[in-house]
Each structure stands twice: as C-alpha cells, then as structure tokens.
Amino acid sequence: MSSGELQDLYQEVVLEHSKRPRNFRVVEGANRQAAGHNPLCGDQLSVTLKLEGDVIRDIGFQGQGCAISRASASLMTGAVKDHTRAEAEALFEKVHALVTEGPEAVDVDALGKLAVLSGVSEFPARVKCASLAWHTLRAALEGRDEAVSTE
Amino acid sequence: MSGFDVERVRRDFPILHQEVRGRPLVYLDSAATGQKPQAVIDAIVRFYQHDNANVHRGVHVLSERATEAYEGAREVVKDFLHARDSREIIFTRGTTEAINLVAQTYGRKHVGPGDEVLITQMEHHANIVPWRMLCDEKGATLRVIPVDDRGELVLDAVDALLTERTRILAVTHVSNALGTVNPVKELTRRAHAKGIPVLVDGAQSVTHFPVDVRDLGCDFYAFSGHKLFGPTGIGVLYGRLERLEPLPPYQGGGDMILSVTMEKVTYNRVPHRFEAGTQDLAGAVGLAAAIRYLEGLGLDALAEHDRALMAYATRALESVPGLTLVGTAREKVGVLSFTLEDIHPHDVGTILDREGICIRTGHHCAQPVMQHFKVPATARASLALYNTREDVDALVRGLHKVREVFA
C-alpha cells in the first residue's frame with residue numbers, strides 16, 4: 001500500500017518534469033515577477049512572466065527545490081501560458097483542492113496534465129512543495145514585490 | 001561494549017515498539033528530539049499524581065515535596081555536568097532560552113559599540129540569532145570562526161579572531177548539522193588567555209558523551225532536556241558562580257525577588273534571580289529522571305555504543321552509490337548529514353518515511369553552514385543509545401529504494 005502511494009506521488013510525468021523542467025528560464029521582457037520561499041525545506045523559486053492586457057503571454061521559473069515543487073512549477077508554466085489571470089487563478093483553486101483533498105474533490109479532467117499531482121494529497125507534508133510555484137505566480141500577477149513564503 | 005545491551009535499552013522506550021506505514025518504526029531523528037524512556041514518563045506522572053504543588057513558597061507538605069523534587073533535580077544536573085555548586089545550575093526552557101539569557105544579561109551588560117562577539121560558521125540558529133540581535137542593538141560586530149571542507153573549525157584562524165574587542169566566544173560543542181565535535185577545551189584555553197569568557201552550546205553533546213564543565217573550563221554551558229531523552233520545555237544553563245553573581249536579572253516576576261515595593265525591588269540570589277515565575281517543575285523532575293536513567297546505563301558505555309554505531313553507519317552510508325556525506329570531521333558523533341545524487345533531501349525523506357524510517361531533511365536550523373557546503377539542504381540521520389545496526393541497515397535499504405524511484 002505504501003509503495004502504491006509513493007508511485008502515485010512520484011508518477012513518471014512528475015519525475016520527468018522535475019528532471020527536465022519546462023520553461024526553466026527568465027522570461028525576456030518580463031513585466032511581472034515574484035520570488036517564493038519555503039523556509040521549512042529551503043526551496044526557493046522565482047517566476048517571471050509577460051502579461052499582455054489580461055493574458056499571460058509568456059512565463060518561466062527558476063530556482064531550486066524538490067521533485068514535487070519543480071514538477072508543479074514546470075507543469076504550471078505550461079498550463080497557464082496564453083490564459084487569462086482569472087483562468088490561472090481558477091486553475092490554482094482546482095490544483096489546491098487536488099493536492100489537499102485529493103482527486104475526488106475536483107473535476108480531474110479539467111486539470112489536464114496537472115492531474116498527476118493528485119498523489120500529493122496522501123502526503124500532507126508535501127502540499128507546500130506543490131503549491132509554492134502557484135503562490136509565487138499569484139504574487140507576480142498581483143504585482144507584489146516582497147518574497148512570498150509558504151509559512 | 002561491555003554491559004551495554006541495546007535490546008534491553010530499547011525495551012525501556014515504549015514509543016519504539018510500533019509499526020508506522022505498515023513497517024516497524026526506525027527512528028533516526030534523535031538530534032531533533034530524543035525519545036523518552038518509561039522511567040521519565042513515570043517520573044512525570046508520579047510528580048503530578050503525588051507531589052505537585054508550587055515551590056519555594058508553600059508551608060504545606062506538597063509544596064515541601066515539590067521543592068525537594070525541583071531542587072533535587074538541580075543537584076542531579078550539577079553532578080551530571082560536574083559543576084562545583086548547584087547554584088551554578090539555572091533551569092530554562094531549553095538551550096535556546098539559555099543562550100538568550102546569557103546574551104540578554106551578560107551580553108547587554110558587557111557588549112557595547114565597536115565590541116565583538118565571536119561565534120562559528122557551524123552554529124545552530126539558536127547560537128547565532130541571539131548574538132545577531134545583541135550586536136544590532138549595541139552596534140557591535142558579530143565575527144565568525146570559519147569551517148573547512150571536512151566541517152572542522154579552522155583553528156589557525158581563531159587567535160586572530162580573539163581580539164581585544166571580543167567580549168564573548170559562543171561555540172557549539174557538537175554541530176547539529178555535521179556531527180563535528182569541536183575542541184572546546186582548547187578554544188576555552190585560548191579565549192581565557194585573553195580574558196574572554198566562553199559559552200558552549202551543549203545541545204548535541206550531552207547525549208553522546210560525559211561532559212565535565214570544570215575540565216572544559218568554560219564559563220557557560222547550555223543544553224536541552226528533550227534531546228537528552230527528557231521532556232520538552234526544560235533546559236539548563238550552567239554558569240560559573242563568579243560569572244553569574246554580578247549579572248542583572250533576565251526576566252522579572254515572582255520567585256526572582258527578595259522584596260518588592262512600588263519604589264524598589266531587591267533581586268533574589270543566584271540561581272533564583274534567573275528563574276522568574278513558576279518554572280516547569282515536572283519538566284525538571286523528568287529531566288533528572290532522564291539523567292539518572294542514563295547514568296544507570298553508564299555514560300562511558302553509552303559513549304562507546306554511540307562511537308561504534310557511528311563508525312558502522314559511516315561505512316554503511318559510504319557504500320550507497322551517489323551518496324555524499326556532508327561533514328567528515330575526524331571527531332564526529334551522532335549525526336550523518338548527506339546528499340544523494342541530485343535528489344532533493346525532501347524527496348529522500350518522503351520515500352524513507354513510507355518505509356517507516358524517520359530522518360530529518362532541510363537546513364537543520366544551521367543555514368550558514370549549509371551555505372558553506374553550497375547545499376540548500378541535506379538529509380540527516382542521527383543516532384542515539386537505542387539505535388541498532390539493524391536501524392542503519394534499514395536506512396541503507398531505504399536509500400536504495402530512493403535511488404530506484406529516481407532511477
């Protein structure tokens with residue numbers, strides 16, 4: 001049973017994104033950015049993005065962290081690109097429900113690739129890892145300069 | 001390992017006998033907090049069931065008993081540290097409060113603008129932040145003894161860092177992040193040669209080998225009850241009497257005074273001057289029970305067990321492909337910090353947890369030393385008297401599993 005939960009957490013897609021994260025870069029000409037920090041494990045990442053009107057035209061992230069935080073950040077950049085701020089916010093709500101309450105709590109189909117984060121819900125200590133990038137994205141969209149923290 | 005029977009010791013620790021995640025519990029996080037023997041649990045229960053009352057003030061029998069138990073605990077600690085006098089033992093909430101006490105009394109009295117406080121690169125945040133706060137308040141400078149790539153202090157740098165402006169040297173006896181045992185006797189000798197007092201953070205040392213504060217010669221020595229297999233919420237500051245006597249109080253309140261009028265307060269004598277308000281009485285009783293328990297096993301036998309297990313664990317971890325030990329000091333106890341390939345320690349910890357193995361991952365409240373080794377975090381397995389070679393073998397199997405998941 002325990003190894004089944006581990007397989008759910010470290011799904012192939014999660015491991016693949018953590019090893020080869022997408023959009024692992026500083027966006028050129030970015031007009032929004034924010035830094036995020038998880039003081040418990042020392043994870044730090046930054047999100048840069050180019051907002052055109054209400055649409056996220058380009059987004060990248062950099063930093064160091066565990067497999068879960070890197071995979072979540074990588075998947076996030078793919079999921080919110082070319083979407084509006086409101087859509088990104090709505091997606092964060094769904095991801096948050098997914099990683100805290102589990103796949104039963106959300107319409108998994110609406111999450112696309114992000115559904116691979118469902119295993120996190122069995123690991124309460126790892127929820128902050130999965131949500132760090134999203135909190136940082138939210139801070140960037142709100143134009144907050146100070147570093148956000150999961151604490 | 002004469003006389004030390006680890007299987008018998010394990011039977012004294014009820015928490016160890018359980019399954020977690022469907023596996024037998026393997027507890028390798030004693031540097032964070034130690035588990036409690038039944039003797040400690042019983043002593044606390046007995047205190048509350050039979051002797052509980054407030055101390056130093058009641059005329060009734062329970063207050064007498066509670067006072068006897070509390071002051072008796074002070075005697076036990078005095079003997080444990082080989083202090084001269086039980087007045088040199090101050091009960092605190094833990095190591096952190098003990099260090100803050102020294103910073104706020106000795107430090108505020110003696111550290112002024114342009115003065116220096118000397119610490120080391122490998123300190124726990126508890127032995128950095130109180131001094132940083134003091135230096136910021138006073139316009140003083142915090143100076144740091146560097147660490148080399150083994151995780152040993154660069155002793156050649158020490159003499160130049162002990163200057164005429166240095167008001168105190170604060171150094172850990174054993175690094176919680178690396179396991180390094182520092183030569184605090186030698187450091188004390190060098191500091192005293194220049195008239196500089198020394199505080200030693202003993203949170204990670206008293207659990208692994210006997211400590212004799214008179215032999216070390218240090219002025220202050222701090223440790224926590226909960227790491228010594230006693231309860232949380234209790235700790236100790238040892239201070240040489242001649243250092244403590246001239247110090248102002250730490251916190252104000254009951255029990256730390258001799259008389260109070262609205263115009264004038266006369267402070268109590270040492271150590272009560274530093275123990276404002278009702279202390280953690282049951283905590284002190286539990287700590288004394290922990291010390292008696294350890295002394296019953298024999299502190300030397302315990303140290304030998306720890307040394308042998310540390311050597312075994314070091315060899316075992318070095319056999320894991322891709323594993324790098326962080327901290328390879330020649331004198332090392334209790335702590336094995338490591339990285340495993342480029343797998344984040346947090347992931348290592350999660351996978352081991354599913355195997356029933358408890359380790360610590362992160363920066364271990366020692367970020368400056370992590371920065372020295374250029375890692376944001378490590379995985380840390382820490383050993384105690386109830387750990388066995390089987391625990392180490394389980395850890396090694398778990399690490400192979402981690403490598404499989406990330407293969």
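Two strands count as paired when DSSP finds at least two bridges between them. Keep that in mind as we walk through this model, which is a predicted one.

Let's start in chain B with strand E5, residues 116-120: five bridges join it to E6(B), and the two run parallel. For one spot along this pair, look at Ile119(B), which stands opposite Val144(B) in E6(B).

Now zoom out. Strands E5 and E6 belong to an open sheet of seven strands in chain B, in the order E4-E10-E9-E8-E7-E5-E6, and the pairing is mixed. What about the ends of that row? Strand E4 (89-92) and strand E6 (141-145) of chain B sit at the edges with a single partner strand each, so one side of each has no neighbour in the sheet. Going from one strand to the next, the twist averages 20°.

Over to chain A. Of the 151 residues in chain A, 46% count as buried.

Finally, how do the chains meet? 17 residues of chain A are in contact with 15 residues of chain B. On chain A's side, helix H1 (residues 2-9) gives the largest share, four residues. That side of chain A divides into ten nonpolar, five polar and two charged residues.

Conventions:
Residues are numbered from 1 along each chain as its sequence is written. Chains are lettered from A and ligands numbered from 1 in the order in which they are written. This is a predicted model: local features need pLDDT of at least 70, side-chain atom pairs count only at pLDDT 80 or more; totals for chains, interfaces and linings use all residues. Two residues are in contact if their C-beta atoms, placed from the backbone, lie within 7 Å. Ala, Val, Leu, Ile, Met, Phe, Trp, Tyr, Cys and Pro count as nonpolar, Asp, Glu, Lys and Arg as charged, and the others, Gly among them, as polar. Axes are lines fitted to C-alpha atoms, for helices over the stretch in contact, and angles run from 0 to 180 degrees between N-to-C directions. A residue is buried if 20 or more other C-beta atoms lie within 10 Å of its own, exposed if 12 or fewer, and partly exposed in between; C-beta atoms are placed from the backbone.
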